[in-house]
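This report describes a protein model with a ligand. Please look at the sequence and the structure before reading on.

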Amino acid sequence: MMNETITQKPDFDFDNFTFGLQATDRMLVARYENGTWSDFKIGPVQNISLSPLAMCLHYGQTVFEGLKAFRTVDGKINIFRLESHHKRMNRSLERMAMPPLPASCFIDGIRELLSKESKWVIDDPEYALYIRPFAIATESKLGVDASREYLFMVVLSPLKAYYSRPLRVKVETDYIRSSRGGAGSAKNGGNYGASLLPQRKAKENGFDQIIWLDAKERKFIEESGTMNIMFILNGKTLLTPSLSDSILDGITRDSILNIAPEMGLEVEERAIEVAEILERIRSGEKVEAFGVGTAAVISPIKEISYKDEIFETYVNENADMYRIKNKLADIRRGLSPDKFGWSDLV
Ligand code: COI
């Protein structure tokens, strides 16, 4: 049982904080045992206890999601694309041999948690409350197998601009993120853990982030850091790698692909050779490049480095990527119509 002893006002400096260090007051917990998820419980954020034999600690059966809640201009809470995140969580769970979460747990649970934590969704266009649902294997057993017991939890954490300045990125030519047939399209912890060493090495060499190439030919662009990647060519065409089982099916990616045509951009989803992008920049074309993900939304890339050559992309305040970012922000805040039914209002 969780004890409800929670103070009224967040004791938190919303003007000055680092993302991810602070959880809000409450969290949600549900358990899977004997083939079924039990009802969720919402209570104070507290530590959990696990057997040292718990399977998530050994064989990587962990899955997470990341989504955001915003305060709309008429004072409601908008949990953005809740249903899409539920579907993707279940696809990731399936890939990791974990049981799917019913809507009564994921969707109703997150809605109820947000209504209880509403004071953490402040009215500020730069601010969002980040929602982190995750599931872990908890059965106490060292045999390599799919666990028969799981924990599903949701914690919340305040978020402002995730990467504030345009990034210098390096095309990674040694390490790869995922291969065809692997688990790259699932949001499981291992994909992120395996990216940390290459990311650290890139940082040591003065880069903010990595562009990942395909595992087989090492010539097609897949993702950037923990995000999908997009390009805008000559202010006309929005180009992004088509999805595969080695690329995460980004929900921000999907939102942008849906709104881009309304903003006068043609959309192309296809295999993109890194050589094509570099050649376009070399020949003087206007190429915008940016990472897209839920946390940062759009992360402008200002330089791409490939085998010791540096290529400068087009970044300035008139860039089309910022028009897209603003349009998405307007939909989420209720300033622009939500034609696609993406807003879940609490
Ligand atoms: C996102 O871009 O939303 C991510 O997946 C990053 C997250 C791991 C903080």
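The sections below cover the model, its domains, its core, one annotated lysine and the ligand.

## The model

This is a predicted model, in which local features need pLDDT of at least 70, side-chain atom pairs count only at pLDDT 80 or more, and totals for chains, interfaces and linings use all residues. Residue numbers start from 1 along each chain as its sequence is written.

## Two domains

The protein chain is divided into domain 1 (26-160) and domain 2 (167-333); such bounds come from an automatic or database domain assignment. Their C-alpha centres lie 27 Å apart. Domain 1 puts 23 residues into the contact and domain 2 puts in 14 residues, where two residues are in contact if their C-beta atoms, placed from the backbone, lie within 7 Å.

On the side of domain 1 that touches domain 2, the elements giving two or more residues are strands E4 (62-64), E5 (67-71) and E6 (77-80) and helix H2 (82-95). Helices (H or I, at least four residues) and strands (E, at least two) are DSSP runs, numbered from the N terminus. H2 gives the most to this side, with five residues. By type, this side of domain 1 has ten nonpolar, eight polar and five charged residues. Ala, Val, Leu, Ile, Met, Phe, Trp, Tyr, Cys and Pro count as nonpolar, Asp, Glu, Lys and Arg as charged, and the others, Gly among them, as polar.

## The nonpolar core

A nonpolar core is a set of buried Ala, Val, Leu, Ile, Met, Phe, Trp, Tyr and Cys residues joined through C-beta atoms within 7 Å. In the largest one, which has 80 residues, Ala69, Ile79, Ile110, Ile211 and Met230 touch the most other members. Strand E7 (residues 128-137) gives the most to this core, with six residues. Both domain 1 and domain 2 supply at least three residues each.

Leaving aside neighbours within four places in sequence, Ile110 is in contact with Ile79, Leu82, Ile131, Pro133 and Val154.

## Lys187

The unreviewed UniProt entry places "modified residue: N6-(pyridoxal phosphate)lysine" at Lys187; positions are given in the numbering used here, feature names are shortened, and annotations may be inferred rather than shown by experiment. Lys187 lies in the loop between strand E9 (167-171) and helix H4 (189-193).

Is Lys187 buried or exposed? Lys187 is buried because 26 other C-beta atoms lie within 10 Å. A residue is buried if 20 or more other C-beta atoms, placed from the backbone, lie within 10 Å of its own, exposed if 12 or fewer, and partly exposed in between. Not counting residues up to four places away in sequence, Lys187 touches Val63, Phe64, Glu65, Arg88, Ser92 and Leu248.

## Around the ligand

Gly66, Thr226, Met227, Gly293, Thr294, Ala295 and Ala296 surround the ligand; a residue is near a molecule if its C-beta atom, placed from the backbone, lies within 6 Å of it. This shell has three nonpolar, four polar and no charged residues.
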